[in-house]
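These are my notebook entries on one structure. I set out to look up aromatic rings, charges over rings and an annotated record.

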Amino acid sequence: MAPTTTPEKSEIPPRSRIFADLTPLRLSPDYRRLWCGNTVSWMGQQMTALAVSLQVYTLTHSTFAVGLVGLCSLVPLVVFGLYGGAIADTVDRRKLGLYSAAGATVMSLTLATAALAGYHRVWLLYTVVAFQAVCFAMNSPARSSMIPRLLPAEQLPAANALNSLTSNLGLMGGPMLGGVIVGLWGFQAAYLIDVVAFSGSLYAMWRLPSMRPDQGEGPRRRASVLDGLRFLATRPNLRMTFFSDLAAMVLAQPRALFPAVAVLWFGGDAKTVGLLVAAPAVGAVLGGLFSGWLGGVRRHGLAILIAVAAWGAAIACFGLSRNLWLGLFFLAVAGCADTVSMVFRSTMLQAATPDAMRGRLQGVFIVVVAGGPRLGDFLAGSAADLTSPATAVLGGGLACVLVVTGLGLGRRAFARYDARDPQP
């Protein structure tokens with residue numbers, strides 16, 4: 001295995017820190033390039049996602065056709081998420097990240113070329129979206145499993161908080177920029193900007209040292225998806241990170257009900273739906289901006305349980321609110337709690353997982369993150385049809401609190417998990 005530079009131990013950020021801890025960016029030039037490149041490229045990807053949806057609607061005038069864009073993305077993410085994680089545990093992760101980012105760049109270039117040539121076909125858009133999802137499913141486990149090799153363990157919460165900031169800012173700002181750019185210069189402009197934005201990610205991957213997974217002494221074995229799942233089955237603390245996230249995303253996911261509650265509760269319209277969708281993202285961004293204190297927390301398992309319970313409680317309070325601004329406040333609180341949970345779940349996966357297994361567990365993470373909210377949408381919609389939106393939202397929030405409390409009581413060692421001695 002090609003050696004990589006082990007980062008020196010850094011000073012642990014004090015508990016009194018308020019704003020996001022930028023130490024990882026100062027400490028590791030490789031991580032800084034990786035974070036900057038991913039921030040720029042993620043913004044471009046979200047611009048492209050919006051542009052594709054707009055172009056599909058322009059061609060078909062069908063909301064069903066637009067909905068199929070999400071399905072074309074979801075299926076490859078779920079299928080190739082696990083497979084991409086296994087590949088990341090077999091090959092040089094730097095090369096996998098570089099090649100998959102190059103593939104995504106080619107897909108954006110395909111969209112731009114087709115738009116410039118006047119070749120407007122829905123099947124092409126669906127195909128490109130599916131291949132973009134495959135590239136993301138290959139890239140994300142490789143990129144995430146590199147971070148513990150670039151930073152000392154005590155800096156992982158700060159790094160994951162910065163990563164969450166990138167994700168949420170992209171989800172908020174990317175579609176807005178995409179809408180403006182498409183309106184001013186057309187679809188091809190958004191796609192071309194995405195191609196340029198990918199150059200940051202490509203440069204960051206190119207500058208990294210070799211990142212072959214550490215499989216110890218002896219012959220190198222082919223990484224198996226089933227081996228990763230068997231490993232997870234025998235590691236209760238890591239399993240709990242997934243169970244707790246599923247409790248929040250499946251039981252207390254009100255997103256599918258926003259169009260109904262905007263009208264029934266607040267007497268609003270499409271603008272109200274937009275505010276409801278944006279509120280959790282705003283809270284998540286604020287959670288990332290004011291994440292400096294997270295580096296001083298050592299009981300990561302307990303922090304996850306509290307954050308998930310806070311998510312459920314905030315969603316339940318949203319279910320009781322009939323004032324729009326109060327409802328938006330509770331959704332923002334839920335988004336902030338989700339950021340805290342995500343930071344510590346990601347940190348536990350990185351710190352408590354052997355390097356040879358990190359890719360596969362990051363693949364499982366992608367499947368849970370991609371599939372959990374969709375299952376939650378289905379459950380919330382079904383519950384609202386059988387009862388009412390208010391019952392579905394309030395009941396889902398309370399169910400989340402009860403389930404995560406039961407998980408904590410059933411696995412007390414998870415609440416005692418100490419970051420100074422990470423046990424999977």
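I began with the accessibility terms: buried means under 20% relative accessible area, exposed means over 50%, and partly exposed lies in between (1.4 Å probe, protein chains only). I note that this is a predicted model, in which local features need pLDDT of at least 70 and side-chain atom pairs count only at pLDDT 80 or more, while totals for chains, interfaces and linings use all residues. Residues are numbered from 1 along each chain as its sequence is written, and side-chain values use heavy atoms, with hydrogens and water left out.

Entry on aromatic pairs. I took rings of Phe, Tyr and Trp (its six-membered ring) as paired if their centres lie within 6.5 Å; planes under 30 degrees apart count as stacked, over 60 as edge-to-face and the rest as tilted. How many aromatic pairs does the structure hold? I found nine. One of them is the tilted pair of W42 and F136, with 6.1 Å centre to centre and 35 degrees between the planes. W42 belongs to helix α2 (residues 29-60) and F136 to helix α5 (residues 122-150), so this pair ties together parts that are 94 residues apart in sequence. Helices here are DSSP runs (H or I, at least four residues), and strands are runs of E of at least two, numbered from the N terminus. W42 counts as buried at 15% relative accessibility, whereas F136 is partly exposed at 26%.

I next looked up F258 and F318, which form an edge-to-face pair with 6.1 Å centre to centre and 85 degrees between the planes. F258 lies in helix α10 (residues 258-264) and F318 in helix α12 (residues 300-320), 60 residues apart. F258 is buried at 4%, and F318 is buried at 0%. Ring pairs join F258, W265, F266 and F318 into a cluster.

Entry on charges. I counted a charge as over a ring if NZ of Lys or CZ of Arg is within 6 Å of the ring centre and within 35 degrees of the ring normal. The charged end of R322 sits over the ring of W265, 4.0 Å from its centre. For R121 over the ring of Y119, I noted 4.7 Å.

Entry on the record. In an unreviewed entry, UniProt lists several spans as "transmembrane region", including residues 123-140 and 327-344. Its positions follow the numbering used here, feature names are shortened, and annotations may be inferred rather than shown by experiment. I found residues 123-140 to be 100% helix and 0% strand, with end C-alpha atoms 26 Å apart.
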